[in-house]
Amino acid sequence: MDKLDVKISAKNEYSYPIYIGENLLKSAREFILKHTKAKKILIVTNETVYPLYGKFLCFDNSEFIVLADGEIYKNMETLIKITDKALEMKLERTDAIIALGGGVIGDMAGFAASIYRRGTDFIQIPTTLLAQVDSSVGGKVAVNHRLGKNMLGAFYQPKAVISDTAVLKTLDERQYKTGLGEVLKYAFMENNCGAGEKYNFLEFLENNRENILKRDDKTLCELIKICCSLKSAVVNADEKEQGLRAILNLGHTYAHAIENITDYKKYTHGEAVSIGIKMVFDLALKLSTVTKEYYERSVNLLRSYGLLIEMREVFDKELFYNIMRGDKKVTEGRLKIILPNGEKSVEIRDNIDKKNILSGI
Ligand SMILES: NC(=O)c1ccc[n+]([C@@H]2O[C@H](COP(=O)([O-])OP(=O)(O)OC[C@H]3O[C@@H](n4cnc5c(N)ncnc54)[C@H](O)[C@@H]3O)[C@@H](O)[C@H]2O)c1
Ligand SMILES: [Zn+2]
């Protein structure tokens, strides 16, 4: 088992551990007791994950709320169901709310924990690759509003994160690849992450492709640890996304538009992200902020993992641009793009003109 401590300097050195290893779910009870004083435990999960892994969290003092599966249920209505259940159980602030599921469950359970009695102890047990490398780290919790994704939410840090690599075996191929879309983004920004040590994550991904694609536990532990270290270094420097944290959105300005224009039905988030990353690399090549050689190396990495790099359809550019401008990452009318600039490095740009932004679509 590996353990990584995530520090949030803005909060007087508040830190919490991320445990990473094979079959950690079997010891879930010990982890929960170590990090909370919970007398009662509410486990938030969904109808897909519960039959697979609910059994590991059946304790005398635990109860489950099993939600319908899907991003469409990530809304206020479901949030109220979670808080209703917490109230019925008469949970105290020192009891625990546990998220057992992917990013949808983690975001909702975390938001519920942040508002229930003004903040109740919260533990993340992420069960998708995306959740283990991305959404369970950093404390962003939210639900969607009909007028926008993740529009209602908070910054709320967990007491601990327990990432069990064994659960990734039951993910279908598409969901696994979706997580890989987010994994690969870290390789292109390692030099911005200030983790104080070199992971050579790009090389790690190039050299361990076979093991990663066959979901080898040892390799996955290493991979998850590196991703969490890189993300937490960024979050530590900028918890509330006032600057640096925006780099984690590499490819996302395009990705959000792709998801939106296809009504969130044709592409998973990670698929849209890998297409979005290819688009920013096309842009970077055009603006000469990367060499042809590094461009080829990066696009080959995406391709070698079997990730989508082209949209399956052609969209009206004007419509696409307007949707991009509707993205949250617009500050005072300027479209923010995270642009690769040199090896393993990106920059935040808000001065790229429309013609160039649209050239890769
Ligand atoms: N908070 C953040 O910083 C952050 C970052 C990135 C994404 N997100 C959010 O995360 C969500 C996407 O997360 P996701 O990709 O994990 O999607 P998800 O939670 O919908 O999970 C994907 C699918 O996999 C199933 N599943 C989960 N674990 C499984 C397992 N071990 N075996 C088999 N099936 C399993 C789920 O039931 C679901 O059908 C979005 O709502 C996004 O907004 C949040
Ligand atoms: Zn993302």
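The dialogue below sets computed values against the definitions of the terms.

Mentor: This is a predicted model, in which local features need pLDDT of at least 70 and side-chain atom pairs count only at pLDDT 80 or more, while totals for chains, interfaces and linings use all residues. Residues are numbered from 1 along each chain as its sequence is written, chains are lettered from A and ligands numbered from 1 in the order in which they are written, and side-chain values use heavy atoms, with hydrogens and water left out.

Trainee: Why is H252 called buried?

Mentor: Buried means under 20% relative accessible area, exposed over 50%, and partly exposed in between (1.4 Å probe, protein chains only). H252 has 4% relative accessibility and therefore counts as buried.

Trainee: What makes H269 buried or partly exposed?

Mentor: The value for H269 is 21%, so H269 counts as partly exposed.

Trainee: Which residues are the protein donors of the zinc ion (ligand 2)?

Mentor: Donors are N, O and S atoms within 2.8 Å of the metal (3.2 Å for Na, K and Ca); water is not among the atoms, so sites may look incomplete. E182 (OE), H252 (NE2) and H269 (NE2) lie 1.9 to 2.2 Å from the zinc ion and are its protein donors. Their spacing in sequence is E-x69-H-x16-H. H252 lies in helix 10 (residues 252-261) and H269 in helix 11 (residues 269-286), so the pair ties together parts that are 17 residues apart in sequence. Helices (H or I, at least four residues) and strands (E, at least two) are DSSP runs, numbered from the N terminus.

Trainee: How do you know that N46 and D107 have polar atoms close enough to ligand 1 to count as contacts?

Mentor: A polar contact is a pair of N or O atoms within 3.5 Å; within protein, one must be able to donate a hydrogen and the other to accept it, and residues adjacent in sequence count only if both atoms are side-chain atoms. An N or O atom in the side chain of N46 is 2.9 Å from an oxygen atom of ligand 1, and for the side chain of D107 the distance to a nitrogen atom of ligand 1 is 3.0 Å. N150 also has a polar side-chain atom 3.3 Å from an oxygen atom of the ligand. The protein covers 87% of the 870 Å² of accessible area that ligand 1 has on its own (Shrake-Rupley method, 1.4 Å probe; for residues, only the protein chains shown count as cover).

Trainee: Which elements each supply at least two residues of the shell around ligand 1?

Mentor: They are helix 2 (49-53), helix 4 (103-115), helix 5 (129-135) and strand 8 (148-155).

Trainee: What makes S114 buried or exposed?

Mentor: S114 has a relative accessible area of 12%, so S114 is buried. This residue lies in helix 4, and a polar atom of its side chain is 2.7 Å from the backbone oxygen of F111.

Trainee: Why is D172 called partly exposed?

Mentor: D172 has 46% relative accessibility and therefore counts as partly exposed. D172 is found in the loop between strand 9 (160-164) and helix 6 (173-187), and its side chain reaches the backbone nitrogen of Q175 at 2.8 Å.

Trainee: Which residues of helix 13 (residues 317-325) are buried, and why do they line one face of the helix?

Mentor: F320, Y321, I323 and M324 are buried. Seen down the axis of helix 13, the buried residues fall within an arc of 160°, so they line one face; the arc is that of the directions from the helix axis to the C-beta atoms.
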